[in-house]
Amino acid sequence: MTTFAGRETAAPSAASFIELDERWSTHNYHPLPVVIAEAAGASVTDVEGKSYLDFLSGYSALNFGHRHPDLVAAAVEQLGRVTLTSRAFHHDQLGLFCRELAELTGTELVLPMNSGAEAVESAVKIARKWAHRVKGVPDGTAEIIVADSNFHGRTTTIVSFSTDETARADFGPFTPGFVTVKYGDAAALRDAITPRTAAVLLEPVQGEAGVIVPPEGYFADVRAACDEHGVLLIADEIQSGLARTGTVLALDHEGVRADVYTLGKALGGGILPVSAVAGRRDVLGVLKPGEHGSTFGGNPLACAVGRAVVKLLNTGEFQQRAAELGAHLHDRLNALIGHGLSEVRGRGLWAGIDIAPGGPSGRAASEALIARGVLCKETHERTLRVAPPLVITREELDRGIDAIAEVIRP
């Protein structure tokens, strides 16, 4: 009950909040019918008091769980000092954040931005300018090789090289300068390289496509092709990076280094948007004052939270949790193949699971999981993404997997 004008009234229902969303917010998402009011760790509570396990983690933005105390403390402390200066002035958090993130990722220079899509857009601009100024590709002719089924964001430039018709339809004309090859096919990628090729832009694990891990040796072959032809390798680690797969960067599993990384989501600790481009000094260094910027990119509050995220990752605890709990997750999910699942893919505490024919659709399975106190989300027709916060306990993980097993059982 709530009190209004001295009278006790019923608390607003989930349906009333959903009705507000449907009436006043643009329908660019199709959310599940849950209205979250509070959250902590790996759990959330809806407006009607029901608790759920979070098996999505904000698409990896919540790697450290909801309201991690160290991250909240860093945000609150910075809120009491200064939150925004714009890049017209220096502030006392920017250089520290850039240095600490570079040291964590083994890179040399950092460009802070806000959203993941903004980081990818920035990397595209950097690659093109590098190609024109360093490689000698004529201005306006540089090309970037991408993979089919990619997901790098939803800006007009990024959807120009998407192969998802839902992302593309009615948003043209599209930006030229991109060449698409099959993900995991190193020979096709090598064949696509020309003297105009500036960069190759790839996800180490394709998240939106269903948590697709490429064949062993793929990235080593891609790296060799890039080196042979003087082409940059850009790794989009926005979903896969920052401990999700059991290492700081998912590309670390391949023993390969990229020239440029895009980072985001978990870099903001689930508190605010923080993204970055990190890479070689001679590549990011092509940008000069006035050529690229962002009013909020690298703001003091973002840098303070980002520094706290880096500090958590420096302990190695979350990488270890993702590796150990991830092994348990995959063991249990693989045991469901033939018992409601047809395929399991992924790495670390991240899996894409295909529901076998005869079972529910991905949407129906997600809705059925709500009734069992688990929040998960489909991608495509028959695939669920499983990506709980890295703070989840083994017992909580088992409870969520048990619920999945019940829902997908034919």
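This report looks at model confidence, aromatic pairs and charges over rings in a predicted structure.

## Confidence and conventions

Local features here need pLDDT of at least 70, side-chain atom pairs count only at pLDDT 80 or more, and totals for chains, interfaces and linings use all residues. Residues are numbered from 1 along each chain as its sequence is written, and side-chain values use heavy atoms, leaving out hydrogens and water.

The protein chain has a mean pLDDT (the predictor's confidence in each residue, from 0 to 100) of 96, and 98% of its residues reach 70 or more. Over residues 1-7, pLDDT stays under 50. Where pLDDT is low, the predicted coordinates should not be read in detail.

Four aromatic pairs turn up in a search of the whole structure; rings of Phe, Tyr and Trp (its six-membered ring) pair if their centres lie within 6.5 Å, with planes under 30 degrees apart counted as stacked, over 60 as edge-to-face and the rest as tilted. One of them joins Y183 and Y218, whose ring centres are 5.7 Å apart with planes at 65°, so this pair is edge-to-face. Y183 sits in the loop between β8 (178-181) and α8 (186-192), while Y218 belongs to helix α9 (residues 218-229), 35 residues apart.

Y218 also pairs edge-to-face with F219, at 5.2 Å centre to centre and 70° between the planes.

## Charges over rings

R23 lies over the face of W24, 4.0 Å from the ring centre; the criterion is CZ of Arg or NZ of Lys within 6 Å of the ring centre and within 35 degrees of the ring normal. R168 lies over the face of F174, at 4.0 Å from the ring centre.

Definitions and conventions
Contact means heavy atoms within 4.5 Å. Helices (H or I, at least four residues) and strands (E, at least two) are DSSP runs, numbered from the N terminus.
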